[in-house]
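Look over the sequence and the fold before reading on.

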Amino acid sequence: MDFTSLSDRQFNDFRDRISNLQSQAPASVQDDWGVLGSTLDKVKTLLNSAGVSFDDLRALKHHQAPSGNVNLARLQKIAPRLQALGSDNRLTTAKNAITKSAQSACNISLH
């Protein structure tokens, strides 16, 4: 997952939607929605630990200095952990199950 294009507001909206979808999802994919939600929570926690917001990530992506007290050394330290979260097999499995469920139950393509 690429979080560098999300603003703080968009992330918070996205996280709220994931919680709502998890509570309304069929039982067969509720845990998968939970994996997605907990991954998002971990990303947010890691960013907070470095004093980085999603708005800061967007700025960095566009080669602009982030605002506030961003700890660049800490950001460099957490970068591998952020990448690992995005490529975690549990997340991939959850995304695949959610995509398959949306297609079969609702005829919605999430690609």
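In which crossing, left-handed or right-handed, does α2 pass α5? The crossing of α2 past α5 is left-handed. Keep in mind that this model is predicted. Two packed helices are described by the angle between their axes and the distance between the axes. For helix α2 (residues 27-49) and helix α5 (residues 89-106), the axes cross at roughly 130° and come within 9 Å. Angles over 145 degrees count as roughly antiparallel and 65 to 115 as roughly perpendicular, and what falls between those ranges counts as oblique. α2 and α5 are therefore oblique to each other.

Now look at the residues in this contact. From α2 come V29, D32, W33, V35, L36 and T39. From α5 come R90, L91, A94, A97, I98 and S101. Sorted by class, the contact of α2 with α5 holds eight nonpolar, two polar and two charged residues. An α-helix has 3.6 residues a turn, so residues three or four places apart point the same way.

Turn next to α4. The axes of α2 and α4 are 9 Å apart, and the two helices pack at an angle of about 170°. The cut-off for roughly antiparallel is over 145 degrees. α2 and α4 are therefore roughly antiparallel to each other. On the α2 side, the contact uses T39, K42, V43, L46, L47 and S49. These meet R74, I78, R81, L82 and L85 in α4. By class, the contact of α2 with α4 divides into six nonpolar, two polar and three charged residues. T39 is listed in the contact with α5, and T39 is listed in the contact with α4 as well.

What does α2 look like taken by itself? The helix has 23 residues. From first C-alpha to last, α2 reaches 34 Å, close to the 33 Å expected at 1.5 Å a residue. Its buried residues are V29, D32, W33, G34, L36, G37, T39, L40, V43, L46 and L47. These buried residues pack against α1 (8-24), α3 (54-61), α4 (72-86) and α5. After α2 comes G51, whose phi is positive, near 70°.

S7 sits in the segment before α1. Is S7 buried or exposed? The relative accessible area of S7 is 9%. Buried means under 20%, so S7 is buried. Leaving aside neighbours within four places in sequence, S7 is in contact with F54, D55 and R58. N71 is found in the loop between α3 and α4. With a relative accessible area of 39%, N71 is partly exposed. N71 and S49 are 22 residues apart in sequence, and their C-alpha atoms are 8.8 Å apart in space. S49 is one of the α2 residues in the contact with α4.

Finally, step back to the whole chain. The secondary structure comes to five helices and zero strands. Along the sequence, the pattern reads α-α-α-α-α. Along the principal axes, the C-alpha atoms fill a box of roughly 45 × 25 × 20 Å. The chain has 111 residues, and 32% of them are buried.

Terms used. Residues numbered from 1 in each chain as written. Predicted model: local features only at pLDDT ≥ 70, side-chain atom pairs only at ≥ 80, totals over all residues. Heavy atoms only, no water. Axes fitted to C-alpha atoms, helices over the stretch in contact; angles between N-to-C directions. Helix = DSSP H or I, 4+ residues; strand = E, 2+ residues; numbered from the N terminus. Parallel < 35°, antiparallel > 145°, perpendicular 65-115°, else oblique. Left-handed = near helix turned anticlockwise from the far one by under 90°. Contact = heavy atoms within 4.5 Å. Nonpolar A, V, L, I, M, F, W, Y, C, P; charged D, E, K, R; others polar. Expected span 1.5 Å × (residues − 1). Buried < 20%, exposed > 50% of the residue type's maximum accessible area, 1.4 Å probe, protein only.
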